[in-house]
Amino acid sequence: MPGGITLRHWHDECGVFGAWQDPEAARMTYLGLYAQQHRGQESAGIVSLKGSEHLSHRGCGLVGEVFTESVLEHLEGSAAIGHVRYSTTGLNEQINIQPLMAQLLNGPVALAHNGNIVNSHILRRELKEQGAIFQGTNDTECLLHLLARHPSDDIVTCLRETVPRLEGAFSLVLLTRDRLVALRDPMGFRPLVLGQRPLEGGGSSYVVASETCAFDLIGAKLVREIEPGEIFWLDSEGEHSEFLPSAPRRAQCVFEHVYFARPDSTVFGLSVYESRKNMGRILAQESAVDADIVIPVPDSGVPAAIGYSVESGLPFELGIIRNHYIGRTFIQPSQSIRSFGVKIKLNPQSQVIRGKRVVVIDDSLVRGTTSQKIIRLIRQAGAKEVHFRIASPPTTGPCFYGVDTPKKSQLIAAQQTQEEIRRFIDADSLSYLSIEGMLKAVGARDQEYCAACFDGQYPTPLFGLDQEET
Ligand code: AMP
């Protein structure tokens with residue numbers, strides 16, 4: 001491993017939000033984070049701008065747990081940024097909770113990042129050799145150090161001249177004492193959108209978010225995407241934009257459409273609900289089966305199952321009901337109950353399933369362990385046949401750009417053939433959506449999407465990260 005560095009954070013899944021010239025900036029940020037809770041459940045933070053000072057609150061837990069009425073009241077000011085984060089390892093200490101904060105030449109800066117910088121371990125080592133003292137273990141802190149070392153007191157100049165050193169995925173929102181900056185990496189891995197919220201007394205405020213579902217909640221209108229490679233900023237004079245040197249290709253994350261984003265969001269200019277339905281439709285064209293009903297694994301398989309049902313003409317049924325009120329902890333039964341884990345969340349309805357040949361649709365199959373348990377429950381509920389259909393291709397590689405996927409050794413499709421997987425999950429048949437079908441479903445043109453977790457074609461060098469992941 002180059003540099004012998006072992007602490008990594010390339011699995012961070014995150015959501016970001018920012019509000020500018022908004023009398024309720026912190027509250028809007030709170031709501032924007034609430035709507036994007038699915039992008040990260042481990043920690044949340046908001047930094048607001050009062051005068052030329054930053055006020056902050058960050059903590060572990062869900063947005064609704066971290067922020068109370070009195071905390072929000074304390075976060076005064078007409079600008080704010082926020083962040084929700086999920087990290088897989090035990091390295092979720094307070095110090096890593098974003099927005100990260102520092103004092104630079106021109107005063108305070110707060111930084112919220114979605115994505116993963118794949119050369120951060122190399123930059124970190126170099127910076128440490130030059131005397132930088134790191135507080136946490138996350139990749140985002142490197143950027144803060146690079147900005148701090150730049151001689152300019154203008155944040156946009158600092159970004160323009162340091163960001164080209166970063167490789168990988170970064171949708172960023174920064175707050176200084178007089179600006180809000182939104183920046184997307186030149187390949188555009190992760191989404192970032194700009195909106196405007198009409199204000200009661202007239203006029204409107206600016207908002208930025210990872211996903212448009214955040215705008216819906218606060219009554220904001222989508223203006224446009226922050227473009228790949230764009231540095232967009234707001235100050236007392238209004239809005240400004242410039243571009244970083246362009247990348248040879250785009251690499252929008254196709255997994256945002258497969259699983260990660262909310263179906264009520266528009267991501268990369270396309271409705272996620274529509275793209276998931278398209279995936280289901282194309283899956284039905286590619287892998288038809290003689291069966292009686294189509295049922296989704298809720299909630300992630302629902303839009304694709306609707307598409308599959310429409311295309312195949314097979315009736316759509318809610319054959320599995322999901323409990324939406326699963327907390328973080330629950331008391332295990334004292335005696336062993338078969339399939340207990342998945343049963344807390346998913347309950348097959350035998351009155352729908354009994355005696356039927358069932359097509360089960362899920363968005364993706366990663367380790368295969370959930371699917372195995374679900375199929376066992378469906379058989380116990382009396383299904384005659386179970387045909388498993390996955391609305392994405394086999395997941396064969398980890399993501400290094402900000403989606404939490406297990407190591408390659410734990411990805412069942414990287415280790416076993418399709419027939420072996422079918423036997424492992426105990427399905428009567430198993431089919432996946434083809435890579436071409438998936439890209440067609442999102443209307444992709446050549447080299448527009450990153451599908452590395454499915455096709456192994458990583459759009460950037462990996463700087464040795466892949467060697468640790470096997
Ligand atoms: P399994 O095959 O047991 O690993 O579980 C696959 C299920 O996990 C799929 O149905 C997805 O809905 C869900 N899933 C896929 N990717 C992720 C992810 N990055 N984080 C959390 N859940 C995921």
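Helices and strands here are DSSP runs, numbered from the N terminus, where a helix has at least four residues and a strand at least two. With that in hand, you can find your way to a spot like Asp299, which sits in the loop between E17 and helix H10 (302-312). One thing to keep in mind as you look around: this is a predicted model.

Let's start with the whole chain. It has 18 helices and 23 strands. If you put a box around its C-alpha atoms along the principal axes, that box is roughly 70 × 55 × 50 Å. Buried residues make up 57% of the 470 residues.

Now go to the ligand. Which residues come nearest to it? Of the 15 residues around the ligand, the nearest are Asp362, Asp363, Gly368, Thr370 and Asp404. Two helices, H8 (254-260) and H13 (369-380), each supply at least two residues of the shell.

Zoom in on the ligand's oxygen atoms next. An N or O atom in the side chain of Asp362 is 2.5 Å from an oxygen atom of the ligand. Arg367 and Ser364 take part through their backbones instead: a backbone N or O atom of Arg367 lies 2.7 Å from a ligand oxygen, and for Ser364 that distance is 3.4 Å. How much of the ligand does the protein cover? On its own the ligand has 510 Å² of accessible area, and the protein covers 83% of that.

What does its side chain touch? The side chain of Glu256 makes a polar contact with the side chain of Arg190, at 2.8 Å.

Next up are the aromatic rings. Counting ring centres within 6.5 Å of each other as a pair, you get eight aromatic pairs. Tyr30 and Tyr34 make one that is edge-to-face, with 5.8 Å centre to centre and 65° between the planes. Both residues lie in helix H1 (residues 25-35), four residues apart, which is about one turn of the helix. Are the two tyrosines buried or exposed? Tyr30 is buried, with a relative accessible area of 18%, while Tyr34 is partly exposed at 45%.

Another pair takes us back to H8. Phe255 and Phe454 form a tilted pair, 6.2 Å centre to centre with 50° between the planes. This pair links distant parts of the chain, since Phe255 is in helix H8 and Phe454 is in helix H17 (residues 452-455), 199 residues apart.

Most residues other than glycine have a negative phi, and most peptide bonds are trans. Where does this chain do something else? A cis peptide bond joins Gln98 and Pro99, with omega about 0°, and Pro99 is in the loop between E4 and strand E5 (100-104). Another cis peptide bond joins Pro298 and Asp299, with omega about -10°. That brings us back to the loop between E17 and H10, where Asp299 sits.

As for phi, Gln21 has a positive value of about 55° although it is not a glycine. You'll find Gln21 in the loop between strand E1 (13-20) and H1, and it is partly exposed, with a relative accessible area of 40%. Phe463 also has a positive phi of about 55° without being a glycine. Its place is in the loop between H17 and helix H18 (465-468), and Phe463 counts as partly exposed at 25% relative accessibility.

Technical notes:
Residues numbered from 1 in each chain as written. Predicted model: local features only at pLDDT ≥ 70, side-chain atom pairs only at ≥ 80, totals over all residues. Heavy atoms only, no water. Near = heavy atom within 4 Å. Polar contact = N/O pair within 3.5 Å; in protein donor to acceptor, adjacent residues only side chain to side chain. Areas by Shrake-Rupley, 256 points an atom, 1.4 Å probe, with all protein chains shown as cover. Phe/Tyr/Trp six-rings, centres within 6.5 Å; stacked < 30°, edge-to-face > 60°. Buried < 20%, exposed > 50% of the residue type's maximum accessible area, 1.4 Å probe, protein only.
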